[in-house]
Amino acid sequence: MNSSNSAILIGEKRSITRAQFLSLLETYNCYLKENKNLQLSFHEDEGQIVVEGVLNISWGVHQPIRLKIQDEKQVLSYATLRSPEPSGKRGMTRWGEFDDLCHIDEMEETKQETAAEDTKDNRDYDSGTLKPYRVQDPVEESPVLYRTMSDASLVKKRVKSKTAAERQSAHQHRCSINGHFYNYKTSIFTPIFGSVTNVRINTRMTTQEVIVQLLQKFKVENDHHEFALYCIHASGEKRKLKESDFPLWERLLQGPSAITQIFLMDRDEQEVSNDVAQYLQLEMPLLKIILDKLKDEENREIQRIVTKYQQRKRNITQQIHSKNMPKTETTV
């Protein structure tokens with residue numbers, strides 16, 4: 001067993017003592033005593049400390065996220081094997097993992113089919129011929145002018161709004177994955193900004209490896225190099241984790257509190273330093289006053305430097321001039 005003063009590497013040129021590590025871990029788990037599934041554990045592997053646990057990651061991406069689509073005839077989902085679904089609810093067979101992408105809401109199709117069957121049973125009949133009334137096809141919207149039967153005048157076709165069936169058809173492909181929007185026709189997944197997901201990782205996994213695992217969990221088709229992990233403090237400070245960093249170590253150092261959160265964001269997201277973040281919470285009039293003072297200070301500093309080097313230039317010029325002056329000889 002290593003001594004309490006032995007160093008534990010937690011990143012590139014970063015280390016903590018074993019005593020500091022045990023103190024951080026105890027504080028972390030004590031904070032999460034009501035959520036034991038989020039607590040961290042550790043073991044030693046070849047003399048190295050390896051921490052394992054669940055890392056909460058918040059969604060912060062702006063670009064569209066594409067989900068992989070599998071042929072439902074080739075892949076039989078775990079959800080289908082566990083409990084047969086209604087004929088209208090077939091969305092889960094498109095992915096193959098029910099635990100990762102749950103709560104798929106495609107019941108609109110079932111409702112539409114049920115409504116169609118009810119309509120067939122409740123059709124109206126002509127009392128004279130006992131034949132069902134013909135259902136006229138909805139006329140498409142068009143600004144074109146048409147002639148009437150009498151050919152007496154030109155009338156503009158009446159522009160109609162979308163029918164209930166059309167609105168239902170447009171909405172039926174918009175599903176929900178854990179509260180996020182998903183269109184299974186385009187495979188576009190739109191997570192709500194700030195919503196939290198999690199992955200189980202260890203302290204040997206780098207930033208890129210954590211991102212890959214998160215994308216695999218949700219069957220995301222985008223390349224993992226399109227994203228990055230950011231530590232965002234409640235003050236507004238935003239720091240991008242390096243590809244070689246270890247996110248679980250970063251989480252342990254920052255503590256379990258929501259004051260600092262880890263976000264999955266677009267790779268080109270701009271960082272915000274702590275010096276800039278301290279001004280983000282201020283009101284605009286106060287910010288303008290601060291900017292004016294900084295501008296005045298900048299102008300004074302510029303003038304001081306200009307004056308300094310102008311004086312040096314004059315001194316050097318005088319020295320050169322005095323050395324180049326011809327010497328006059330006098331004879332007696």
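Visitor: Why does Phe 21 count as buried?

Guide: Its relative accessibility is 0%, so Phe 21 counts as buried. The cut-offs are under 20% for buried, over 50% for exposed and partly exposed in between, with a 1.4 Å probe and protein chains only. Trp 249, at 3%, falls under the limit, so Trp 249 is buried too. This is a predicted model: local features need pLDDT of at least 70, side-chain atom pairs need pLDDT 80 or more, and totals for chains, interfaces and linings use all residues. Residues are numbered from 1 along each chain as its sequence is written, and side-chain values use heavy atoms, without hydrogens and water.

Visitor: How many aromatic pairs does the whole structure hold, and what makes Phe 21 and Trp 249 edge-to-face?

Guide: The search finds four aromatic pairs. The ring centres of Phe 21 and Trp 249 are 5.7 Å apart and their planes stand at 70°, so this pair is edge-to-face. Rings of Phe, Tyr and Trp (its six-membered ring) pair if their centres lie within 6.5 Å; planes under 30 degrees apart are stacked, over 60 edge-to-face, the rest tilted.

Visitor: Why does that pair tie together separate parts?

Guide: Phe 21 sits in helix 1 (residues 18-31) and Trp 249 in helix 6, so the joined parts are 228 residues apart in sequence. Helices (H or I, at least four residues) and strands (E, at least two) are DSSP runs, numbered from the N terminus. Ring pairs also link Phe 21, Phe 42 and Trp 249 into a cluster.

Visitor: What makes Trp 59 and Phe 218 an aromatic pair?

Guide: Their centres are 5.5 Å apart, with 75° between the planes, and the pair is edge-to-face. Trp 59 lies in strand 4, and Phe 218 in the loop between helix 5 (207-217) and strand 12 (227-233), 159 residues away. Trp 59 and Phe 218 are both buried.

Visitor: How do you know that Arg 312 lies over the face of Tyr 309?

Guide: Arg 312 is 5.5 Å from the ring centre of Tyr 309. The rule asks for NZ of Lys or CZ of Arg within 6 Å of the ring centre and within 35 degrees of the ring normal.

Visitor: Which residues line the largest cavity?

Guide: Ile 10, Gly 11, Arg 14, Asp 245, Phe 246, Trp 249, Glu 250 and Leu 253 line the largest cavity. On a 1 Å grid over the protein atoms alone, a cavity is a set of points where a 1.4 Å probe fits but cannot get out; lining residues have an atom within 4 Å of a point. Helix 6 gives the most to this lining, three residues.

Notes. On a 1 Å grid over the protein atoms alone, a cavity is a set of points where a 1.4 Å probe fits but cannot get out, and a pocket is an open set with protein on both sides within 12 Å along at least five of seven lines; lining residues have an atom within 4 Å of a point.
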